[in-house]
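Subject: Structure handover and findings

Dear colleague,

I am passing on the structure below, together with an account of what was found in it. Please read the notes alongside the model.

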Amino acid sequence: MTQETIFPENFLWGGAIAACQAEGAYGQYGRGMAVSDISFFDSQIDRQDLAKHRNVTTEKIEEAMDDLDTRRYPKRHGIDFYHRYKEDIALCAEMGFKVFRFSMAWSRIFPTGEELTPNQEGLDFYDAVLTEIEKYGMEPLVTISHFEMPLALVNKYKGWTDRKVIDLFVRFADCLFTNFGQRVTYWISFNEINAGRFSTFKSTGVVADKTDNYIQDCYQAVHHQFIAAALVTKRLHEINPAGKMGCMIARFTTYAATCKPEDVLQMMHDDQYDNFFYTDVMIRGAYPGYMNRFFKENGVSIVWTDGDKELLKEYTSDYLAFSYYMSNVSSAQPDEGDMTDANLKKGLKNPYLESSAWGWQIDPKGLRYTLNDLYDRYQVPLFIVENGIGAEDKVAADGSIHDTYRIDYLQKHLEQMKEALIDGVDLIGYTTWSSIDIVSSGTSEMSKRYGFIYVDQDDDGNGTLARSRKDSFYWYQKVIQSNGAELIVS
């Protein structure tokens, strides 16, 4: 088999962004306040102490609602994709993107989540974004909920803990399908749905000091998201039978710290509770048996409504999407090892792997393992919708950005994707995180850059917002042009 034949002819190469990290235009054109709008940046907090960035209290919410300073809350200004989307999409098209992943902000269509009539300015904006994507022959990949629910639903209903939010979300999704359902084939219901246990507030709107039973509310909220995902899958197929609804997790690939049976069992449990619970429900269509013991031992009792089980069984996801940044280590005695930060949660440090400046361990071979593991379990198409490395890019005197570390990271992961395809995995596409520099989801800083396109903006929101091509821009352009055959570093 030659390299030229490994990636399918219709493989979807591209990149991704999220509305809450890119759009900006806070408080304009009818958009309401979202959970992302209270995410603040504090340069005094250790960038690797993510808990201090992510922990949300009622006091913080109230303070943010009264504070109109968009510079303190960077996701309110993003990178001004709202006004610069034509330029940004054109740059992605120049790289040769086959697919462009983005999200449609719930708070821009239904500002409080409870309106009966959608905000037309919001619909007009996404209509224009889709038109621009279509102009270049790209496929749009739309995430319906990407860490951006109306804050009013948190304050009134305690987020997804209230079943009422299901109906409101279905109304939002139905509006998107009615307006755009014939123009979008690939959808994702919830971004990293398993984040509901690790970065709870931005995923489900659950606030720790607003609940009497935090873990109960976390899992009840996720249950409501499962039901909502099934309902919107049903509705999409009614409106556009060719439409594909994917589920998505943040994949926490994990290895046993040793071959001790206790560590191997811990690895199994971590995989079940952090990953497979969510995909078992959304792909297989039922709660897995191992969760019964977990719920009993943790005092969780899911409240079901008549018809829930039938909905989950009948309206499963069409494909499995996931983010992959690093791997984890599982140990029955986690206090005995060095800890490191990672996507959404801390983990034990793997001594055999290098780490990024943010402590995320780099494990390309883990991606091949992950692809095989998921495909063997589910036998449905897979879609890698986030993969990349955050780094502090430096602009040279001549304006160039030599991000060889990003090229090296991506190349090594693409090589393992190639190996997984040879293994027989059905992989339909790959969108890097991110296509362009955007505000960090975890820390709300700008210094942590992922894109092929540099945005002139600092952590305080200062800069011209000018866009520049990095070296990785030209590298990825060659990769796409050769359909993955030309996996080169320079």
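A polar contact is a pair of N or O atoms within 3.5 Å; within protein, one of the two must be able to donate a hydrogen and the other to accept it. Please also bear in mind that this is a predicted model.

Thr 464

By that definition, the side chains of Thr 464 and Asp 456 are joined by a polar contact of 2.6 Å. Thr 464 sits in the loop that runs between strand 15 (453-455) and strand 16 (467-469). Its side chain also reaches the backbone nitrogen of Ala 466, at 3.2 Å. Is Thr 464 buried or exposed? Thr 464 has a relative accessible area of 53% and is therefore exposed, the cut-off being over 50%. Not counting residues up to four places away in sequence, Thr 464 touches Arg 84 and Asp 456.

Asn 350

The side chain of Asn 350 reaches the backbone nitrogen of Tyr 352 at 3.0 Å. Leaving out residues up to four places away in sequence, Asn 350 touches Tyr 255, Val 329 and Gln 361.

Glu 386

UniProt lists Glu 386 under "active site", in an unreviewed entry. In the model, Glu 386 belongs to strand 13 (residues 382-386). Glu 386 is buried, its relative accessible area being 4%. Which side chain does that of Glu 386 meet in a polar contact of 3.1 Å? The partner is Arg 101. Neighbours within four places in sequence aside, Glu 386 is in contact with a list of residues that includes Arg 101, His 146, Asn 191, Glu 192, Tyr 324 and Trp 433.

Helices 15 and 16

Two packed helices are described by the angle between their axes and the distance between the axes. For helix 15 (residues 404-423) and helix 16 (residues 471-481), the axes come within 9 Å and cross at roughly 25°. Helix 15 is therefore roughly parallel to helix 16, as angles under 35 degrees are classed that way. Helix 15 contributes Arg 406, Ile 407, Leu 410, Gln 411 and Leu 414 to the contact, while helix 16 contributes Asp 471, Ser 472, Trp 475 and Val 479. The crossing of helix 15 past helix 16 is right-handed.

With kind regards

Technical notes:
Residues are numbered from 1 along each chain as its sequence is written. This is a predicted model: local features need pLDDT of at least 70, side-chain atom pairs count only at pLDDT 80 or more; totals for chains, interfaces and linings use all residues. Side-chain values use heavy atoms; hydrogens and water are left out. Contact means heavy atoms within 4.5 Å. UniProt positions are given in the numbering used here, feature names are shortened, and annotations may be inferred rather than shown by experiment. Helices (H or I, at least four residues) and strands (E, at least two) are DSSP runs, numbered from the N terminus. Buried means under 20% relative accessible area, exposed over 50%, partly exposed in between (1.4 Å probe, protein chains only). Axes are lines fitted to C-alpha atoms, for helices over the stretch in contact, and angles run from 0 to 180 degrees between N-to-C directions. Angles under 35 degrees count as roughly parallel, over 145 as roughly antiparallel, 65 to 115 as roughly perpendicular and the rest as oblique. A crossing is left-handed if the near helix is turned anticlockwise from the far one by less than a right angle, and right-handed if clockwise.
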